[in-house]
Amino acid sequence: MRAKIIGSGSVTPPKVVTNDDLAKTIATSDEWIRTRTGIAERRVSDEATATSDLAIIAAQKALISANIKAEDLDLIIVGTTSPDTLFPSVACTVQDKIGAAKAAAFDASAACAGFNYALTTACQYIESGMYKNILVIGADTLTKYVDWNDRSVCILFGDGAGAVVLTASNDGSGILAHWLKAEGRLGHYLVMPGGGSRDPAEKNGRFIHMDGKEVFKFAVRVLEESIYAVTKLADLTVADIDLLIPHQANSRIIDHVTKKLGLPKEKVYVNLQKYGNTSAASIPLALDEALQDKRLKSGDIVVLSGFGAGLTCGANLMRW
Ligand code: UT7
């Protein structure tokens, strides 16, 4: 028994912030941001919008696309590191608001790798036979945690949510291999210090601190490693990949790795120019757009790979 994606949905907030908008308040330029990151604009949620508000919209779209009812869900997992509150979890809020009365619900915290961590976890419940229908969401509103005066961080992030519905299937398609990794020793390179039990009063601030160069080095190393590892686990090679959907953090990271792997540009999905880095939402948002763009056909081999704070990395390979 394998987990198969039978529906997807995504959403971003309506407010667009362009590079030129940022250049009005900080010492940066559209040219610098585009050449160093590939990003042209990002979506920023308003004060009234919390992560669950986006997650719920993505979830409802995914349920419609999968043609299943919320009551038929056995489990909801949300990959997020910007929950509405420390508790209840975003997953429990989604469970209530969409009416998934019998579903268990929890969040998976692996930052930008959160969707792949959540997806792999969901697959275990289906492969073991415990559950049949699972909603997996990646949702984050990290723009609420950036210092808009810190030009090395604020230019990167955007908000959004993406969701998929998984069901048990034995027709040969579905998610064939999973690979997860954590390198906690490098965790200090990407930190949100305030608000946790170490600093409940947020004395250290509630902003993202990042050593961009070190995260970049980790990203190129583990993105490559994850793609080799997950294809090997599926008894395939990189040449068998029809579409790679990498975490949408920086086009230089993606270009560097895909060039090294020998993957042609048309086999790599990139939409970060429009959204920036939406953290756990980036991969399900890109997958949903790739489906709308008709980039996938039955039988295609698709690899999803994400990396982020922790530091973490996770990949899943599926036959569409
Ligand atoms: O999901 C994981 C999340 N994180 C990531 O994926 C981050 C990975 N890292 C990166 O994407 C890149 O390291 C950045 C885009 C963050 C930075 O690019 P970089 O090529 O590593 O630039 P840098 O940090 O080496 O900075 C080069 C210069 C510096 O000036 P000096 O010291 O050479 O005078 C920076 O102060 O560029 C300056 N700089 C900027 N200039 C204009 C840094 N940010 C900006 C900016 N606009 N926004």
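Salt bridges between domain 1 and domain 2 number zero. (A salt bridge is a side-chain nitrogen of Lys or Arg within 4 Å of a carboxyl oxygen of Asp or Glu.)

Several elements supply at least two residues each to the side of domain 1 that touches domain 2, among them β1 (2–11), α2 (30–37) and α5 (114–127). The largest share, nine residues, comes from α5. Helices (H or I, at least four residues) and strands (E, at least two) are DSSP runs, numbered from the N terminus.

## The model and its domains

This is a predicted model: local features need pLDDT of at least 70, side-chain atom pairs count only at pLDDT 80 or more, and totals for chains, interfaces and linings use all residues. Residues are numbered from 1 along each chain as its sequence is written, and side-chain values use heavy atoms, with hydrogens and water left out.

Domain 1 covers 2–172 and domain 2 covers 175–319 in the domain assignment of the protein chain. Such bounds come from an automatic or database assignment. The domain centres, taken over C-alpha atoms, are 14 Å apart.

## Size of the interface

In domain 1, 56 residues are in contact with 46 residues of domain 2. Contact means heavy atoms within 4.5 Å. The buried area is about 3800 Å², and carbon and sulfur atoms give 60% of that. Buried area is the accessible area (1.4 Å probe) that two parts lose on being put together, summed over both.

## Around the ligand

Of the 22 residues around the ligand, Thr28, Arg36, Lys213, Asn250 and Arg252 come nearest. A residue counts as near if one of its heavy atoms lies within 4 Å.

The side chain of Arg36 has an N or O atom 2.8 Å from a ligand oxygen. For the side chain of His247, the distance to a ligand oxygen is 3.0 Å. A polar backbone atom of Arg151 is 2.9 Å from a ligand nitrogen.

The peptide bond from Phe87 to Pro88 is cis, with omega near 0 degrees. Pro88 sits in the loop between β4 (75–79) and α4 (90–98). Another cis peptide bond joins Gly310 and Leu311, with omega about -5 degrees.

Ala111 is not a glycine, yet it has a positive phi of about 50 degrees. Ala111 lies in the loop between β5 (104–108) and α5.

Technical notes
A polar contact is a pair of N or O atoms within 3.5 Å; within protein, one must be able to donate a hydrogen and the other to accept it, and residues adjacent in sequence count only if both atoms are side-chain atoms.
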